[in-house]
Amino acid sequence: MHPILIIVFAPLLAALIAGLGNRMIGNVAAKSVTTGALFLSAGLSWPIFLGFLGGDQNAEVIEVLKWVESGSLNFDWSLRVDALTAVMLVVINSVSALVHLYSWGYMEEDPDQPRFFAYLSLFTFAMLMLVTADNLVQMFFGWEGVGLASYLLIGFWFRKPSAGAAAIKAFVVNRVGDLGFMLGIFGTFLVFQTTSITEILAAAPAMSGSTITFVGMRLYTMDILCILLFIGAMGKSAQLGLHTWLPDAMEGPTPVSALIHAATMVTAGVFMLCRLSPMFETAPTALTIVTIVGAATCFFAATIGTTQWDIKRVIAYSTCSQLGYMFFAAGVGAYGVAMFHLFTHAFFKALLFLGAGSVIHAMHHEQDMRYYGGLRKRIPLTFYAMLAGTLAITGVGVLGVFGFAGFYSKDAILEAAWARGTGVSQFAFWAGAIAALLTSFYSWRLMFLTFWGKPRWALSEHIQHAVHHGHDDPDHANPPKQEDAGHDAHHSVPSPHEDDGTAGYHPHESPVAMLIPLGVLTLGAIFAGFAFKYDFIDGEAFWGGSIYFNENLIHALHVVPLWVKLTATIVMLLGLAGAYFAYIAKPDIPGKFVATFGALHNFVYRKWYFDELYDAIFVKPAFWFGRQFWKLGDIGTIDRFGPNGIAWVVERSAGAAKSIQSGYVYTYALIMLLGLVAAITFVLL
Amino acid sequence: MEGLPILSLMMLVPLAGALACLFVGANLARWVALGATLATFGLGIILWSSYQIGGPQWQFTERADLFAGFSYALGIDGISLLLIMLSVFLMPICILASWDAIKKRVGEYMAAFLFMEVLMIGTFAAQDLFLFYVFFEAGLIPMYLIIGVWGGDNRIYASYKFFLYTLLGSVLMLIAMFWMVAEAGTSDIPTLMQYDFPAEAQTWLWLAFFASFAVKVPMWPLHTWLPDAHVQAPTAGSVILAGVLLKLGGYGFIRFSLPMFPEASADFAWLVFILSMIAVVYTSLVALVQADMKKLIAYSSVAHMAIVTVGLFAFNVQGLEGAVIIMLSHGLVSGALFLCVGVIYDRLHTREIARYGGLAINMPYYALFFLLFTMASIGLPGTSGFVGEFLALAGIYQTSSLVALVATTGIILGAAYMLYLYRRVAFGGQVNEDAAAMRDISAREWVMMAPIAAAVLWMGVYPESFLAPMRADIAVLDARLAATAPASDASLAPGAPREEAANALHHDNAAGEGAH
C-alpha cells in the first residue's frame with residue numbers, strides 16, 4: 001500500500017471513529033485515535049518531502065476509485081504526489097498534528113471534545129484531498145470539504161449566536177468564490193474537454209491566443225478561465241472583497257484559527273494558483289489582476305491590523321495580509337517564492353495563533369489586549385514562543401548571516417516584485433513594503449500591549465469573573481459572550497492609579513500539551529526559512545515541473561539593488577520603532593492620534609466599512625426581495641389572478657359550478673374518465 | 001427471471017396490500033403496508049440486479065392488447081428503472097414515517113399510499129401512451145385524498161389549488177395525445193419516441209405537454225400549489241410529493257417532449273431557460289424569508305427542479321444525466337428533509353422555525369442527519385446533490401454561459417437559506433423549553449433516516465452505480481437531439497498562441513531596472 005493512502009485516509013477514519021463513537025468511546029479514546037492518526041500521517045509525510053528534496057522521489061498518481069463518467073466528462077478519485085503536494089503534506093500534517101496535541105490542553109474542560117477532534121481530523125482529510133487532487137473536481141471536493149469543516153469549527157460553540165452567524169458568513173462568502181471556481185471548471189471542460197490538471201496544463205499554451213464568449217463578452221479564453229478560477233481562490237484565501245468572513249471566523253476555538261484560518265485552508269487559493277501556474281502563465285490579464293488584488297489585500301489588511309484590540313483579530317488581519325503577499329508573488333511569476341512564504345508562514349502564524357491561545361487560556365478567555373499587559377514574567381514560555389513568531393513574521397535577520405523564517409520568504413517576495421519590472425509589479429513592491437512596515441508595527445504593538453507594561457487586567461470582565469468565581473467555572477468551555485472588540489464601549493480604559501491592575505488574578509503558564517507544539521513551531525519559525533530557502537526559491541530540480549519555474553526571474557531576483565534587498569529590514573525597524581514609541585515610550589500617542597485623525601481611525605477601525613457595505617447592498621436587499629417576491633409575487637399576483645381568481649369566477653357563476661368546486665376530487669376523476677371514454681371512442685372510430 | 005412479469009408483480013403486491021388494508025384494523029394495516037412495500041422494494045432489487053446494462057433498450061417488456069390500439073404494455077429503460085427504484089425505496093420509509101403520526105382511518109391511509117405506489121410504478125413503466133396517461137393522472141388522486149383527508153387545517157384550499165393547476169395541464173396533454181395517435185397510428189411510446197412529427201405540429205404538441213409537465217415540475221410561475229400542498233400534507237405525503245411526484249414532470253420532458261418533439265424543444269429552450277433562471281433566483285430568495293420549515297423546503301424544491309429543467313434543455317449528455325441524477329438526489333434529499341421536519345413536528349406539533357433552536361444540544365444525532373441532508377441539499381461534493389448539480393450545470397455551460405451563471409448563483413442562495421434554517425433550528429441556545437426537552441431520534445426514526453443517508457453518500461462518492469444503467473438511454477436521446485441541438489454560445493475561436501509565458505523575463509532586462 002502506498003503511504004499516501006494512509007496519509008490521506010487515516011485522518012478520515014479517525015474522524016469517523018471519534019465523531020460517530022463520540023460519547024460511547026469517550027474523550028480519551030477519541031482524542032487518542034485522532035491525534036495518533038495525525039502523527040502517523042505527519043510521520044509518513046516528511047520522508048516523502050525529504051525524498052523530493054533529495055531528488056530520489058518521483059511524482060506519481062495513485063488511482064483510488066472511479067467517480068463520474070458522463071459522456072466526455074470523466075473524473076476519478078485519485079491521489080497525486082509531487083513536490084508541490086509534498087510541501088503541502090508536511091505543512092498540513094505537521095501543523096495539524098501539533099494542533100491536535102495542543103487541543104488536549106486547550107480544550108481540556110470542553111464537554112464536546114470528541115466532536116471537536118473529529119472535526120479537526122475531518123478538516124485534515126479534506127485538505128489532503130484538495131492538495132493531492134489530480135483533477136479540478138477533486139480539488140473542488142477538497143475545497144468544499146474544508147469549507148464544511150471550517151463552517152463546523154467556526155460554529156463549534158454553536159450556543160453563541162455570534163458563532164452561528166460567523167459560520168454561515170464564512171460558508172456563504174466562500175460560496176461566492178465557489179461560483180467562480182465552478183464556472184471556471186465548466187469553462188475549462190468546455191475548452192479542453194477534460195478536468196485532468198495534467199492535461200489542462202499541457203494543452204493551455206496552445207489555447208493562449210484563442211478567444212471565447214462569456215456572458216456576452218468576447219475575451220481571451222485563458223484570461224477568463226483563470227479569472228474565474230482565481231475568484232474561487234479569492235474566496236478561500238480571503239482576498240480583498242471576499243475577505244469579510246475571515247476575521248469573524250475567529251469565533252472558532254483558537255486551535256482552529258491556527259490550523260484552518262492561518263496555516264492551511266486559507267492558503268488553498270495560493271496552492272491552487274501554484275498548481276495551475278503553467279495555465280496562469282498563459283493569461284497575462286488574469287495574472288495582472290492576481291498581482292493587484294494580492295498587493296491591495298496585503299496593504300489593506302495590514303492597515304486594519306494596526307487598530308484592532310482583539311488579539312485574534314489582529315492576527316487574523318495579519319494572515320489576510322500575508323496571503324496577499326503570496327498572491328502577488330504568484331502574480332509576478334515567482335511561484336516557488338509564494339510557496340516558500342506559504343511554508344514559513346504556516347509555522348510562524350500557527351505559532352502566533354497558538355501563542356495567542358496560550359495567552360487567552362492564561363487570561364481566562366479575555367481576548368482584548370487593552371486588558372493585558374505585563375505578562376512577560378507571568379507566562380515566560382508563551383512569551384518566548386510569541387517573540388520567535390514576531391521576529392519571524394516581521395522578518396528579522398541580517399543579510400547573508402541568518403534570519404528568522406519570514407526574513408527569507410518576505411524579502412524574496414519583495415525582490416521578485418521589484419525584479420519583475422512592470423508597473424503593476426512596482427505597485428506590488430511598494431504596497432508590500434508599506435505593508436511590511438505596518439506588519440512590524442502591529443506585531444510589536446501586540447507584543448508590547450500583551451507582554452510589556454503594567455497589568456491592566458482589573459477591568460476585564462473575564463478576569464473579574466475568574467477572580468470572583470474561581471477558575472473552574474462550568475461555562476468555561478462555552479464562554480457566554482466574547483464581544484467584538486469594537487463594540488465593548490462599557491469597558492473603560494483602565495486608569496493607571498488603580499492598585500497593581502491585576503485584581504488579584506494569577507495567570508498560569510499553559511500545560512505541557514500546549515507548550516510542546518509551541519516549542520516545535522518555535523523551531524520552525526526560527527529555522528524554516530534558513531533551512532529551505534535554496535530549494536524553494538532556486539530549486540528548479542526540487543520542484544521538478546510541479547510549478548511553473550521562471551528561471552530568469554529568479555536570477556533577476558538575486559541581483560536586485562542593495563536598497564531593494566534592505567527595504568524589508570529598514571521598514572521592519574521603522575515599524576518596531578513606531579510601536580515602541582507609541583506603546584512603551586509615549587503611551588499617550590495612540591490616544592492623541594485617534595483624537596486628531598478620528599475619521600481616518602474610524603474608517604480603518606471599522607474595517608473600511610466592508611461589512612456595513614455588504615449588508616446594505618447584498619444581505620438586506622436579498623431579504624427585501626425575498627419578501628416582495630413572496631408577498632407581492634406569489635400571493636399578490638400569481639395566486640390572486642391564478643387559482644384564487646378562477647375560484648372567484650366560479651363562485652360568481654352558476655350554482656351548478658359550486659357543486660363542481662366542492663366535489664373537485666370526484667369531478668376530477670369524472671373528467672378524466674370522460675376523457676378516457678372520449679379517447680377510446682376516438683381510437684375506435 | 002426470464003418470463004416472470006416482474007413489473008406487473010411489483011404493481012400487484014402493493015395493490016393486494018392496498019385492498020387488504022381496507023379490511024383490517026389499524027395496527028394490522030400498518031404491518032400489512034410495511035410488508036407490502038418492503039416486498040415491493042425486494043422485487044425492485046431483483047429488478048435492478050437483473051437489469052442488463054448494455055442490453056436491449058427496453059427490458060422486462062409485457063404486452064397485452066386490450067381493445068383498439070389501447071394496450072397494457074409495460075417495459076423499462078435505465079431512466080425508468082432508476083425512478084422506479086427511487087419510488088419503491090422511499091415507500092417503506094413513508095409507511096414508517098406515518099406509523100404513529102396517523103391516527104384516524106389508518107387502513108384507508110395505508111391503502112391510499114399503496115395504491116399510489118402501484119400508479120407510480122405504472123407511470124414509469126407504461127409503454128402505451130394512454131396507459132401512461134391513466135397512471136400519470138390517476139396517481140394524483142391518492143395524493144389529493146392524502147392531503148384532503150389527513151392534511152392540516154387549510155387542506156381544502158391546498159388540494160383545490162393542486163387540482164386546478166393539474167387539471168389545466170392534463171386536458172391539454174390529452175388532446176395532444178389524441179392527435180399524436182391519429183397522426184402516427186400507434187400509441188406505443190418507444191415507437192413514438194422515434195417518430196418524426198411535422199415541425200409545425202411539434203410546436204403546439206410541445207406546448208400542450210409542457211402545460212402538464214411544467215405544473216408537475218413545478219416551474220415558475222406555476223409553482224404556488226407546491227408550498228401549500230407541502231404545508232398541508234402529512235409528513236409522508238410531503239416525502240412522496242417531493243420525492244416522486246415532482247419527478248413526473250422531469251420524466252415527462254425526458255420521455256416525451258425531448259425525444260418526440262426535438263425541434264420544438266430546441267425552439268422553446270429559451271422559454272425553459274428564462275423560467276428556470278427566474279425560478280432559481282426568485283424562489284431561493286422567497287425561501288430565505290420563510291418562517292415555516294416546510295414552506296422553506298418546498299420553495300427550495302422549486303429552485304432545485306429549475307436546475308433539472310435547465311439541464312434537460314442543455315441538449316447534451318452531461319445536462320441530461322445531471323438532470324436525472326438531480327431528480328434522484330432531490331427525491332432522496334428533500335424527502336429526507338421533510339422527514340427531518342416530521343421528526344420534530346411529531347414532538348412539538350409546529351413547523352414554525354422560531355419555536356425550535358439549539359437542537360444540536362438535546363438531539364445530537366438528529367442534528368447530524370439534518371446537517372448531512374442540508375449539505376446534500378446545497379450540493380456539497382461527496383453527496384448526491386453535488387454530482388447532479390455539477391453535471392447539469394456543466395452541461396448548460398456548454399450551451400449558454402449566461403444561463404449557467406444565473407443557475408449557478410443557486411449554490412450561493414441555496415447555502416444561505418439552508419444554513420440559515422439549520423442555524424435557527426439546530427444552533428443557538430435552547431430558547432424554548434419544550435423544544436429543549438425533546439428526545440433524540442428513536443429507533444424507528446433511525447431506520448427511516450440511515451438508509452437515505454447511506455444512499456445520499458453512495459450516490460455522491462460512487463455515482464457510477466446510477467449513471468451506468470441510464471448511459472445507453474441518454475446516449476440514444478442525445479443522438480436524437482444532436483440534429484436540433486443549439487450551438488454553443490461560447491464560440492471558441494482559435495488564435496495564434498502567445499510565444500512566451502505571461503511573466504517571461506529576458507536576461508537583458510532582468511537586472512531589475514524598472515519597467516520594460
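View 1. Glu69(A) comes out as partly exposed, at 24% relative accessibility (partly exposed lies between buried, under 20% relative accessible area, and exposed, over 50%, with a 1.4 Å probe and protein chains only). The side chains of Glu69(A) and Lys66(A) meet in a salt bridge at 2.8 Å, N to O (the rule asks for a side-chain nitrogen of Lys or Arg within 4 Å of a carboxyl oxygen of Asp or Glu). Glu69(A) also pairs with Arg471(B), where the closest N and O atoms are 4.0 Å apart. Put together, Lys66(A), Glu69(A), Glu464(B) and Arg471(B) are linked in a network of salt bridges.

A quick word on what you're looking at: this is a predicted model, in which local features need pLDDT of at least 70 and side-chain atom pairs count only at pLDDT 80 or more, while totals for chains, interfaces and linings use all residues. Residues are numbered from 1 along each chain as its sequence is written, chains are lettered from A and ligands numbered from 1 in the order in which they are written, and side-chain values use heavy atoms, leaving out hydrogens and water.

**View 2. Where chain B meets chain A.** Here 110 residues of chain B are in contact with 113 residues of chain A (contact means heavy atoms within 4.5 Å). The area buried between the two chains is about 9,300 Å², and carbon and sulfur atoms give 71% of it (buried area is the accessible area, with a 1.4 Å probe, that two parts lose on being put together, summed over both). Tyr397(B), Arg498(B) and Asn503(B) supply 8% of the area that chain B buries against chain A, more than any other three residues.

**View 3. A salt bridge between two loops of chain A.** Glu251(A) and Lys160(A) join side chains at 3.0 Å, N to O. The pair links distant parts of the chain, 91 residues apart: Glu251(A) sits in the loop between helix H8 (245-248) and helix H9 (254-263), and Lys160(A) in the loop between helix H4 (136-154) and helix H5 (161-192) (helices, H or I with at least four residues, are DSSP runs numbered from the N terminus). Glu251(A) is buried, with a relative accessible area of 10%, and so is Lys160(A), with 4%.

**View 4. A helix-to-helix salt bridge in chain B.** Glu445(B) forms a salt bridge with Arg347(B), their closest N and O atoms being 2.9 Å apart. Glu445(B) belongs to helix H21 (residues 443-461) and Arg347(B) to helix H15 (residues 317-348), 98 residues apart. Glu445(B) counts as buried at 3% relative accessibility, as does Arg347(B) at 17%.

**View 5. A nonpolar patch on chain B.** The patch on the surface includes Leu4(B), Phe23(B) and Phe115(B) among its residues (patch residues have over 30% relative accessible area and no salt bridge, with nonpolar side chains joined within 5 Å and like charges within 9 Å). Helix H1 (residues 6-23) of chain B gives the most to it, with 6 residues. Leu4(B) lies in the segment before H1 and is partly exposed, with a relative accessible area of 39%.

Definitions and conventions. Areas by Shrake-Rupley, 256 points an atom, 1.4 Å probe, with all protein chains shown as cover.
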